[in-house]
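Have a look at the model first, then read on.

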Amino acid sequence: MKQLTHTELLELDAQYCWHPFTQMQTAAPPLAVVRGENEFLFDALGNKYFDAVSSWWVNIHGHSNPVIAQAIAKQATELEHVMFAGVTHPTAALLAEKLIQHAPAPMAKVFYSDNGSTAIEVALKMAFQYWQNKGASDKKRIVALEGGYHGDTFGAMATGKSSGFYDPFASWLFSVDFIPTGGCACTEDDALAALDQLLAHSASEIAALVIEPLIQGARGMRFMRPAHVAELCKRCEAAGVLVIFDEVFTGFGRTGTLFAAEQVAQFGGQADIICISKGLTGGFMPMAATLTSQPVFDAFLSDQVSHALLHGHSYTANPLGCAAALASLALFDEESTWANIQRIEATHQRWLPTLACHPRIENPRVCGTVAAFELKSSHSQYGSSASQWIRQTFLELGIVVRPLGNTVYWVPPYCTAPETLENAYQTLMHVLQRWGSMNAPSPGSELF
Ligand SMILES: *Cc1c(COP(=O)(O)O)cnc(C)c1O
């Protein structure tokens with residue numbers, strides 16, 4: 001491959017690439033990354049950046065982790081890919097076993113796909129067809145939480161419609177019933193009342209509830225108590241409505257346990273279907289899985305093909321992805337990974353009081369390795385200029401952040417060294433000071 005200079009890379013990108021979630025006319029030039037190591041990214045000029053958002057929340061054990069890299073390289077020379085219809089292979093079977101061993105009850109089966117959005121599409125299709133196969137074809141409504149984000153394909157967009165990301169597509173999205181998030185004690189009752197009312201009147205028409213357990217990520221790191229999520233689950237179970245957990249973000253240790261579902265289970269709530277993706281391969285390969293209980297799987301068994309889940313992707317159960325995921329899961333078996341997760345949470349907790357009394361900050365919060373807060377601004381809205389200012393200012397100081405509107409957050413890779421995170425908090429104090437002393441632009445509406 002041709003070696004590009006920093007300038008050549010940016011020119012080539014500007015000529016040919018169209019970036020996600022980006023207004024290409026006004027966006028600052030992208031960060032030109034040529035190398036990653038542990039929690040750091042390096043640009044073509046040799047500058048080093050702390051990846052404080054784990055590259056859109058996918059990275060777990062650090063960039064270019066040698067154990068995962070070697071697992072992929074070894075797999076690539078044995079079996080790079082084979083279709084998964086009528087065929088199986090060792091990494092897919094071993095990974096499925098490991099996922100079910102690690103997943104909370106009652107997960108029993110693994111359906112592979114490619115990314116978080118497809119994991120959600122699969123879950124929705126399973127839920128719809130589950131009821132059809134059982135002869136309850138009226139059960140085709142979906143309930144979701146206000147502000148939830150489930151991905152960018154059409155079914156996922158429909159369930160995340162209230163996030164406001166999808167206005168241009170609104171007329172093509174199937175209708176979904178939204179209930180309040182219940183993000184604080186004062187709105188939990190409203191959320192439960194809204195769900196109760198829906199279930200009382202329409203349970204016979206509702207297929208499933210879709211929920212990001214504990215953290216609504218893209219909405220701006222909105223937290224929910226596990227006891228509240230459990231309440232929602234219990235009510236659905238009692239009313240004969242399936243529960244889908246979207247753990248695309250919360251899975252693989254982000255909330256302090258391997259799955260957020262484990263914390264919900266402590267309060268007696270459980271899902272019938274769990275979607276996982278981002279951290280699944282440690283941030284190396286695009287891959288996802290939709291886990292289901294035995295009863296969900298069993299509803300598709302019949303002597304008729306039409307009762308089967310007629311869904312699949314060319315790269316379903318890609319062996320390179322499976323090998324990466326197996327290596328990433330094996331790293332969770334090492335104590336140091338969990339010690340790192342606890343250390344990151346402890347650092348967040350230690351800084352919490354400082355953030356709580358900072359005049360520029362509102363609502364600082366911590367859930368596992370995730371820390372977030374809102375920027376306070378007395379200025380009126382100036383579009384997305386403030387998000388860009390924050391991003392650019394942090395970048396100049398060697399840290400990659402990506403505010404969600406006026407929400408700033410840390411989602412570091414677990415291998416992040418203590419001094420790197422500590423330094424990031426010091427830098428935050430410095431940035432907030434600049435933010436306060438200048439006529440800073442107001443927090444913007446930048447998405448994702
Ligand atoms: C990122 C995300 C998705 C979508 O995953 P993609 O791999 O980007 O399609 C779905 N749900 C949640 C909770 C997410 O954070």
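By class, how many nonpolar, polar and charged residues does the shell around the ligand have? Keep in mind that this is a predicted model. The shell comes out as four nonpolar, five polar and three charged residues.

As for who they are, the chain supplies Trp57, then Asn115, Gly116 and Ser117, then Tyr149, His150 and Gly151. Glu212, Asp246, Val248, Phe249 and Lys278 complete the set around the ligand.

| Residue | Protein atom | Ligand atom | Distance |
|---|---|---|---|
| Gly116 | polar backbone atom | oxygen | 2.8 Å |
| Ser117 | side-chain N or O atom | oxygen | 2.5 Å |
| Asp246 | polar side-chain atom | nitrogen | 2.6 Å |

On its own, the ligand would expose 380 Å², and the protein buries 86% of that.

Now for the empty space. Rolling a probe the size of a water molecule over the atoms shows where space is left unfilled. The count here is one cavity of 30 Å³ or more, and the largest cavity has a volume of about 40 Å³. Its lining is made up of Leu352, Leu355, Pro364, Arg365, Val366, Ala371, Ala372, Phe373, Trp410 and Tyr425. Which elements give two or more residues to that lining? They are α12 (335-356), β13 (361-367) and β14 (370-375).

By class, the lining of the largest cavity has nine nonpolar residues, no polar ones and one charged. The shell around the ligand, for its part, includes five polar residues.

Note on methods
Residues numbered from 1 in each chain as written. Predicted model: local features only at pLDDT ≥ 70, side-chain atom pairs only at ≥ 80, totals over all residues. Heavy atoms only, no water. Near = heavy atom within 4 Å. Polar contact = N/O pair within 3.5 Å; in protein donor to acceptor, adjacent residues only side chain to side chain. Areas by Shrake-Rupley, 256 points an atom, 1.4 Å probe, with all protein chains shown as cover. Nonpolar A, V, L, I, M, F, W, Y, C, P; charged D, E, K, R; others polar. 1 Å grid on protein atoms, 1.4 Å probe; cavity = no way out; pocket = protein on both sides within 12 Å on 5 of 7 lines; lining within 4 Å. Points joined across faces, edges and corners; volume = space filled by probe spheres on them. Helix = DSSP H or I, 4+ residues; strand = E, 2+ residues; numbered from the N terminus.
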